[in-house]
Amino acid sequence: MKIKNINLDSFFSGADPQRAGPAFFKYTVLDWCAIFFMAAFFYLAGFKGLFGVNFILHFIHEAGHYITAFPALIIVQFTREGAVSDICGFIVIAMGTIAQLAVPAYIWLKCLKKNLRKISCFFLYMLGGSFNKTGIYVSDLRIQSLVLGNFTETHAPGEAQGDWYYLLEPLGMTDWDIFIGQAFYILGAFTLALAAFSLYYYIRHDKQYLERASYGGLNE
């Protein structure tokens with residue numbers, strides 16, 4: 001399949017050379033119905049994650065800030081330009097959410113490349129939880145009902161602005177907090193449903209994957 005000279009088969013094969021990920025599943029109508037109803041359940045139930053995943057995601061989020069803060073500080077000190085300072089500050093704040101989403105996504109893809117199919121489901125689940133957590137965070141921009149904190153301090157609800165205020169306020173988009181939050185909620189619900197379905201799919205087709213591996217159908 002090609003879209004404007006972009007070969008999607010090559011793209012997905014590059015990201016998942018084992019062709020073991022959800023992009024290569026053989027879905028039935030019943031499968032899509034199951035994924036849809038699971039996603040609807042996760043969305044309507046306000047599923048927020050289990051098994052300490054939220055703690056791990058919070059650690060990754062804060063680490064994203066700290067890792068970029070030091071080089072940003074050096075750049076600002078050398079340039080001493082207001083615009084550069086604003087851009088660096090924006091990047092440091094954005095890196096929290098970027099790291100929180102990118103780390104589980106990267107590990108998920110690495111697991112697929114290593115043919116660790118069932119283990120990959122956990123990191124896809126973590127990515128879904130990350131989308132969900134981001135949705136909660138964005139939607140709280142004006143309500144300010146969350147307790148906010150990092151590695152060194154904690155703020156009661158209303159005492160401090162969250163990251164997304166500093167990301168959306170310069171763009172004049174603070175009124176879009178609920179819309180953007182809902183988009184992340186929907187992404188999270190669908191990803192969580194896909195993670196659950198992927199585990200089921202791998203268990204159901206485990207024999208076929210083993211046969212493909214034994215006949216050299218999977219890359220080592």
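Select Asp175. Its relative accessible area is 59%, so this residue is exposed. You are looking at a predicted model.

**Stop 1**

Where do Arg142 and Asp175 lie? Arg142 is in the loop between H5 and S3, and Asp175 is in the loop between H6 and H7. The pair therefore ties together parts that are 33 residues apart in sequence.

Show Arg142, Asp175 and Asp177 together: they are linked in a network of salt bridges.

Is Asp177 buried or exposed? Asp177 counts as buried because its relative accessibility is 1%. Arg142 has 46%, so Arg142 counts as partly exposed.

**Stop 2**

How many salt bridges does the structure hold? It holds three. For another one, select Arg204 and Asp31. Their side chains meet at 3.8 Å, N to O. This pair links distant parts of the chain: Arg204 is in helix H7, Asp31 is in helix H2 (residues 29-45), and 173 residues separate them. Asp31 is buried, with a relative accessible area of 5%. Arg204 is partly exposed, at 38% relative accessibility.

**Stop 2: along helix H7**

Stay on helix H7, residues 177-204, and pick Ala196. Ala196 counts as partly exposed, at 34% relative accessibility. Ala196 and Cys121 are 75 residues apart in sequence, yet 7.2 Å apart in space, C-alpha to C-alpha.

**Stop 3: a nonpolar patch**

Switch to a surface view. Select Ile87, Phe90, Ile91 and Leu171. They make a nonpolar surface patch of about 370 Å². Phe90 sits in helix H4, residues 82-113. Its relative accessibility is 33%, so Phe90 counts as partly exposed.

**Stop 4: the largest pocket**

Rolling a probe the size of a water molecule over the atoms shows where empty space is left. Select His61, Glu62, Tyr137, Leu148 and Gly149. Of the 29 residues lining the largest pocket, these lie nearest its centre. Elements giving two or more residues to this lining include helix H3 (53-79), helix H5 (117-139) and strand S3 (148-149). The volume of the largest pocket is about 710 Å³. Colour its lining by class: 10 residues are nonpolar, 14 are polar and five are charged.

**Stop 5: the largest cavity**

Next, find the largest cavity, with a volume of about 100 Å³.

**Last stop: the whole chain**

Zoom out and show the cartoon. Count eight helices and four strands. Trace the chain along its sequence, and the pattern reads β-β-α-α-α-α-α-β-β-α-α-α. Finally, colour by burial: 36% of the 220 residues in the protein are buried.

Conventions
Residues numbered from 1 in each chain as written. Predicted model: local features only at pLDDT ≥ 70, side-chain atom pairs only at ≥ 80, totals over all residues. Heavy atoms only, no water. Patch = residues over 30% accessible without salt bridge, like charges linked within 9 Å, V, L, I, M, F, W, Y side chains within 5 Å. Areas by Shrake-Rupley, 256 points an atom, 1.4 Å probe, with all protein chains shown as cover. Salt bridge = Lys/Arg side-chain N within 4 Å of Asp/Glu carboxyl O. Buried < 20%, exposed > 50% of the residue type's maximum accessible area, 1.4 Å probe, protein only. 1 Å grid on protein atoms, 1.4 Å probe; cavity = no way out; pocket = protein on both sides within 12 Å on 5 of 7 lines; lining within 4 Å. Points joined across faces, edges and corners; volume = space filled by probe spheres on them. Nonpolar A, V, L, I, M, F, W, Y, C, P; charged D, E, K, R; others polar.
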